[in-house]
Amino acid sequence: MSEFSVEDHRWMGRALQLAKRAAYTARPNPMVGCVLVREGQVVGEGFHVRTGEGHAEVNALRQAGGQARGATAYVTLEPCAHYGRTPPCTLALIEAGVSEVVGAMRDPFPKVDGGGFDLLRAAGIQVRSGLLEPQARELNRGFLLRFEHGRPWVRVKLGCSLDGRTALASGESKWITSAAARADVQRWRARSGAILTGAGTVLADDPALTVRLGDDTPFQPPLRVVLDARLTSLGQAKVRDASAPTLYLHAEGASTQHEVEREAIAAIDGRLDLHAALQVLAQRQVNEIQVEAGARLSGALLKAGLVDELLLYMAPVLLGDDGRGLFGGLGITQMQQRHALKLVDTRQVGPDLRLLLRSM
């Protein structure tokens, strides 16, 4: 028999819903939600909006006031146990007199990692954890990957025709997919800590790589990252405008007269080390990266085993076999070398089909 009741699932589900509200603003912190329940009734709820502001538990306690005493707190991530920009949430829960904390999962952040639950138990508060943990991990997949494996979550976004072409042989690609698909992409950009592209895409398309939601939804502009070994693409200005920060990753010895933020990383056979690039971004507290690049960089990331997720918009058009493909340089000559993907979600966006796939 499960130690979690139907009501437990209900309230943790609500906490997860609250956490999702900060998808565009919480980074680099995780998205966290909290619901306080006393005698079967919600007395307080909250979520962490942005770094430096109140955590989910504190916001929920503030709403509950004195009704928090004796309540059960449902939290999507282990309460913090350290002093950062705000005091530890564990102390706030203890001082408020909650009787129980139900957590979805432990926090892998080294200064927490079980310490929050331990402090609560030491204070006589009952702790149960593991409720809806898969859903909680999915919510903060990039944050977790950064602390557990030292790199951000990598999502490659591509648009293509039904026959898998991203552009004509000439490079012309505007527009294969619909305006609805392009608007949908903005939501994925908004939840990303960085948008990554290569020098070839910058030279060919001069993209802005900014978030354009078309409404008043708050968001943090993602860091724009250009992989440019020799800094040859700096003449293109859109990616360097003031609408969002931009970082150039280049090889040792590359120089420029342009005043840009840049960092040298290792190169292998004249190509930037993609693992090193992701490590740099993890050190800059980037949880999720959206790659919007050509077949060469997309293929290199896939071949290196660094693609976690593929966001593919497929338009109901045909471009023919002379068009450009999705991934270059894979070198697949035998069927057993094929890259298997798991289809996670399929939906229609305008006239296009959006596929979300994960590496297996």
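**Binding-site residues and sheets in a predicted model**

Me: Which residues does UniProt list under "binding site"?
Reply: The unreviewed UniProt entry places that feature at Ser173, Arg189, Leu209, Arg212 and Glu292. The structure shown here is a predicted model.

Me: Let us take Arg189. Where does it lie?
Reply: Arg189 is part of helix H7, which spans residues 179-190.

Me: Is Arg189 buried or exposed?
Reply: Arg189 is buried, because its relative accessibility is 8% and the limit for that term is under 20%.

Me: Which residues is it in contact with, leaving aside neighbours within four places in sequence?
Reply: Arg189 is in contact with Ile195, Leu209, Thr210, Val211, Arg212, Pro222, Gln290 and Glu292.

Me: What does the side chain of Glu292 do with that of Arg189?
Reply: The two side chains make a polar contact at 2.7 Å.

Me: And where is Glu292?
Reply: Glu292 lies in the loop that runs between strand S13 and helix H10 (295-303). Glu292 has a relative accessible area of 10% and is therefore buried. Beyond its neighbours within four places in sequence, its contacts include Lys157, Val185, Leu196 and Thr201.

Me: Changing topic: how many strands form the open sheet, and in what order?
Reply: Nine strands form it, in the order S10-S9-S8-S7-S13-S6-S14-S16-S15, with mixed pairing.

Me: Which strands stand at the edges?
Reply: Strand S10 (261-265) and strand S15 (341-349) do; each has a single partner strand, so one side of each has no neighbour in the sheet. On average, neighbouring strands are turned by 25° against each other, direction ignored.

Me: How is S7 joined to S13?
Reply: Strand S7 (residues 194-198) and strand S13 (residues 288-291) run parallel and are joined by three bridges. Leu196 stands opposite Val291 in S13.

Me: Which strands does helix H7 touch?
Reply: Helix H7 packs on this sheet and touches S6, S7, S13, S14, S15 and S16. The direction of H7 makes about 165° with that of S14.

Me: Now strand S4. Which of its residues are buried?
Reply: In strand S4 (residues 100-103), Glu100 and Val102 on one side are buried, as are Val101 and Gly103 on the other.

Me: What is it joined to?
Reply: Four bridges join S4 to strand S3 (residues 72-75), and four join S4 to strand S5 (residues 126-129). Both pairs run parallel. Thr72 stands opposite Glu100, while Val101 has Val127 as its bridge partner in S5.

Me: Which unit do S4, helix H4 and S5 make?
Reply: Together with helix H4 (residues 115-122), S4 and S5 make a right-handed β-α-β unit.

How values were computed:
Residues numbered from 1 in each chain as written. Predicted model: local features only at pLDDT ≥ 70, side-chain atom pairs only at ≥ 80, totals over all residues. Heavy atoms only, no water. Pairing = 2+ DSSP bridges. Helix = DSSP H or I, 4+ residues; strand = E, 2+ residues; numbered from the N terminus. Axes fitted to C-alpha atoms, helices over the stretch in contact; angles between N-to-C directions. Contact = heavy atoms within 4.5 Å. UniProt positions renumbered as here; feature names shortened; annotations may be inferred. Buried < 20%, exposed > 50% of the residue type's maximum accessible area, 1.4 Å probe, protein only. Polar contact = N/O pair within 3.5 Å; in protein donor to acceptor, adjacent residues only side chain to side chain. Right-handed = clockwise from strand over helix to strand, strands pointing away.
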